[in-house]
Every structure is written in structure tokens, then in C-alpha cells.
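This report is an introduction for a reader who has not seen the structure before. Please look over the sequence and the 3D view before reading on.

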Amino acid sequence: MRKIPPLWISLLLFCLPVLASLPLSQLLGKPLARHMLQQKREEIEAALVERHLALDESISTQLAQFAFDCGPEDMALLRGPRFYNLHIRLQGLILASGASCSSLGLPVPFTTTALPPYSGQEQYGVAATPAQFNTEQELIAYFRQNGNTAYWVLNNSWSHTLLQTPCADCFYLEFSQQNGDHATPLFPRGDKTIKQEEGNQSLSFLESENQIRQTLWAGKALEHYARQQARYYGLWYGAALGSLLVAAYWGLRSYRRSLKGLLQAGLARREFVPFYQPIVDNRSQQVVGFEALLRWQREREMVPPGAFIDYAEEQGLILPMTEQLLERIMTDLPRLAPAQWVSVNIVAAHIEQPHLRTLLQRHGWPSPTRLTFELTERKPITDIKAAIGEITALQQRGYHFKLDDFGTGYGGFAYLQRLGIRQIKIDKMFVDTIGTDDLKRTLLDSIIAFGHESGMEMIAEGVETGEQVDYLRQHGVHLIQGYVYARPMALAQLQIWLLAWQQHHAGEG
Ligand code: C2E
Ligand code: CA
Ligand code: CA
């Protein structure tokens, strides 16, 4: 199956929630409109409660103080700013005598017709101003006692403002009186046509004391607005969710692709394999052994160790890697000539703890004469005591150790003595100076001289030219590893190379 490029996946992850938000906002239109209707109802109720409290207080104060004679005290109460507030348009008194006065200073003619006939009982009530000249009716609250009437024409303009938010012409509100014996007045507020719309929604609620029923309607306009809002926020939330998904995808991807994750996956898939580089004795032209060099076989790619070995060591993955490598070498060994050995690279951790020992023990101490180990001098051993103990134990089992990269690192000579090592590998850095006047050439000569004096077996590494081979031969270094003979190869390739080598050198040595 073809892999989908990550950019496409990201685009898809981003677009999916954004696109999904569109039909979702369509579906959400109606319930959201219902929710907005409920919210509006709560707003209206809260405004009514607030008005109720304000009116209650001023009305009861006024009633306690009215003389019911339309005299200066009554006028002061009617026009006092404390009582003539934003909830009241107009207020006045109708006296038992038929005289009247109001906060306007004049008698107001409509009041007598708007209020129901006086029944003789003390009572609170509500009525409405007459609907004349196509104007909106206003609510009148009144109180009657001893033939006198006090009335308050309420200001309902707050409801207009309230009904125009959050969208214009989205609500319609009707106040109606639930008083059986008098014609129920209506106070329509907002867009009247909503009441006639098909599929509209309504909510009714009672203002208990006054028995005023309020019915709030909403129709297409609110639904349209709700859908628009849902679409708007849906797009933003969709984009936010999409971005989150994209970020999560890249996070996961980078984790999976992180070197550690990849190495662990490689170990689980047993992708770490040995390549073998021949080591040739230039006296006999015999291949005496091989260095096993780690390769990471990823799909069609062969990753050399430089790209991951230090990190693997840091992350503690070098132990399972060496184990995987060793297991492969053990199955490969029988396919090579019995006299040929294979040298495996190890790190300090292998011998500072009994890791290498337990590994070999677990595999039944495989071929001590054919398996050798090389320990680099580039990185120091911290626990030299433990390393000596481990190496000694393994030497007693018949295994041999070489000191790799000799001359490049920390304590070459000291290591040789303390660890009882008899073989050194002369680093490519020194071999490269052959035929040049590099100062390090004298170092190469000293290393070789030291090797001879102390009876070390020497292997020259990274030998690339015939001139280098000749120089080394003249100086008594005979074991050669390098491109001049062969590069590291997989076993199958190595076997073909070995056949060709034998045919070419038959009869020599
Ligand atoms: P090293 O142990 O010094 O290995 C020799 C390196 O030099 C190898 O590189 C080899 O391919 C390269 N080489 C050999 N002959 C020539 C030559 O004529 N010319 C040039 N230019 N290069 C030559 P490679 O395979 O890339 O390995 C690099 C390093 O990775 C090794 O250096 C060793 O330190 C480490 N390594 C390889 N395999 C293992 C392993 O299994 N375990 C551990 N711990 N380290 C390993
Ligand atoms: Ca090596
Ligand atoms: Ca080396």
C-alpha cells in the first residue's frame, strides 16, 4: 500500500473537524435557538423581578403618604424624582370626588376609561392604556381605597431593548392579563409576524402576583441567527481541534521517528546485523579473520554505526545490539573456515559489569578460539578494577581481547599492561600518514617499535593503498585490514569474495 505523505495527513486532520462543523452547525440551529429563547426568558424574568422590587417599594411608600386630595403634598409625591423613576411613565390620582391629578400636573383623560369600574372594594389591579392611533399599549397598575384610585402607567421600553439582542427582530413578547372578568389586554413587543410563523417556538411564564402571562416567541430569524453563530464558532472550534490533531500527529510522529524509538523498533525487528571485513596476512595472503561491523538494515537502507552507535550506548541499547550481533555471528561462524576468527567490538559497559560474561555464558561459551573482542581506547574505562576482573575471567575461558584505535585515546599502554591485552589495532589516523610528511608519521613508527618490543600482535586498520601495505610490511606489520583488500560485506557477499580471493591466491603463502 502506498504511504500517504504526512503533509496530506496533516491537511486532512485539520480540515476534517472544520468541515464536520458545517453540517453540525446546521443540526445545532434549532436546539441552540431554543436555548437562546430560554435565556431570553430568564433575562426578561430577571428584569421583571428587578422592576417589581423597585415599583413595590416606591408604590408602598407613596400609598402610605398620599392624602388623596391632589394637594401640594400629593403633587410632591407624584412628581418627586424618587418616585417618578425609569419604570414609571406617568402616575396620578383619581379622587372619590371625581377630581384627578397626575405627575404631568394635569388630569389625564384616558385613565377613567382604561380602568375597570370601581367595585367598592379595596384592590390592587392591572389594566392597559387604550390602543389608539396604532400605538403600543402600556400597562397600568392601580390601587383603590375609599373611592380613591392611585395609578401608575408603567414604562415598558426596557423590553424593546431586551428583545433586540443578540439579534434584531428575533423575538416577539406578549403580555396578557389572566383576569377572568375583564377583557385580556395584550402588549405586543417585538416582531409580531413571528407569532404567525410555522415551526416557531414559544415559552410562557406568569408574573404570579399580578397574574400577567408573558409569552415569548421566536421563529426563523432566531434559528437563522443561531445557525450563523454555530457556524462561526464551529469553524473556530473546528480549526482549533484540527490544529490540536495536527500537533498531536506530529508529536506522535516525531516520537516514533526519534532515534530511540526507531532503534527500539529495529531491535524488536532484529534489524542489527554484522558486516564482515577481512583481515589479511600480507606474508601468506591468507585471510586470517574478520572484524564484525554492525549494520542497521532498515528496509532497503544499510545504516553504518556512526549514525547511531554513540546514542545507542548513551541510551543503554548497545547491550541488546551486541547480543543480536553475536547471535548472528554464531550462526555465521560454521560457514567460515575453521581457522578464521571474528572480532567483535565491545564498549566499557560490557566489561564494567558482567554483561559480556553472562551473555557468553547464556550461549554456552561459544568458540573461544574463533570469537575475539576489541575494546576501543577512544573512550575511557571508568571502573578499571571491574574491567580487569571481567577480562581476566573471560581470558581464563580462552577468549582474546584487542585494543582498538591504539594511540588515539586515553591510556593505551597502561590498559595493555593492566588488562593483559596482547593485540593492538593501529588506527587509520596513523596509517594515513604513510607517504606524507605529517608529524604523526613518527608516532606511527613509535607505535610499531613499541609493538615489536613488547611482543604485541599488530593489525593495521584502514589501509587503502599498496604503498601503505608495502611500508607496513617493511616495518614488520603484516596483518592488514582495509579497502585495499576489501570493504565490510554481508556474509553472502563475503563468501563470493572469499572464493575469488582463494582462486587468485591459490598456491601462494
Ligand atoms: P572501528 O572499530 O575503528 O572500525 C573500523 C571502521 O573503519 C569501520 O567503519 C570500517 O568500515 C572502516 N574502514 C575499514 N577499512 C577502511 C578503509 O580502508 N578506509 C576507510 N575510510 N574506512 C575503513 P564502520 O563500519 O563505519 O564502523 C565505524 C565504527 O563504529 C567502528 O570503528 C566502531 O567503533 C563502531 N562499531 C562498528 N560496529 C560496532 C559494534 O558492533 N559495536 C560497537 N560498540 N561499535 C561498533
Ligand atoms: Ca573495531
Ligand atoms: Ca578501529
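This is a predicted model: local features need pLDDT of at least 70, side-chain atom pairs count only at pLDDT 80 or more; totals for chains, interfaces and linings use all residues.

## The calcium site

Four residues coordinate the calcium ion (ligand 2): Glu 291 through OE, Asn 345 through OD1, Glu 374 through OE and Asp 404 through OD, at 2.1 to 2.3 Å. Along the sequence, these donors follow the spacing E-x53-N-x28-E-x29-D.

Asn 345 belongs to strand E13 (residues 341-346) and Asp 404 to strand E15 (residues 400-406), so this pair ties together parts that are 59 residues apart in sequence. Asp 404 also bridges the calcium ion (ligand 2) and the calcium ion (ligand 3), and these two ions lie 3.9 Å apart.

Asp 404, at 5% relative accessibility, counts as buried.

Ligand 1 takes up the space of the largest pocket. Strand E11 (286-298), helix H8 (318-332) and E15 are the elements that each give two or more residues to the shell around ligand 1. E11 provides the largest share of that shell, 4 residues.

There are 21 residues around ligand 1, and those that come nearest are Gln 277, Leu 294, Arg 295, Glu 464 and Tyr 483.

A nitrogen atom of ligand 1 is 3.0 Å from a backbone N or O atom of Leu 294. For Val 463, a backbone N or O atom lies 3.5 Å from an oxygen atom of ligand 1. Taken alone, ligand 1 exposes 790 Å², and the protein buries 79% of that.

Definitions and conventions
Residues are numbered from 1 along each chain as its sequence is written. Chains are lettered from A and ligands numbered from 1 in the order in which they are written. Side-chain values use heavy atoms; hydrogens and water are left out. Donors are N, O and S atoms within 2.8 Å of the metal (3.2 Å for Na, K and Ca); water is not among the atoms, so sites may look incomplete. Buried means under 20% relative accessible area, exposed over 50%, partly exposed in between (1.4 Å probe, protein chains only). A residue is near a molecule or strand if one of its heavy atoms lies within 4 Å of it. A polar contact is a pair of N or O atoms within 3.5 Å; within protein, one must be able to donate a hydrogen and the other to accept it, and residues adjacent in sequence count only if both atoms are side-chain atoms. Accessible areas come from the Shrake-Rupley method with a 1.4 Å probe; for residues, only the protein chains shown count as cover. On a 1 Å grid over the protein atoms alone, a cavity is a set of points where a 1.4 Å probe fits but cannot get out, and a pocket is an open set with protein on both sides within 12 Å along at least five of seven lines; lining residues have an atom within 4 Å of a point. A molecule sits in a cavity or pocket if more than half of its atoms lie within 2 Å of its grid points.
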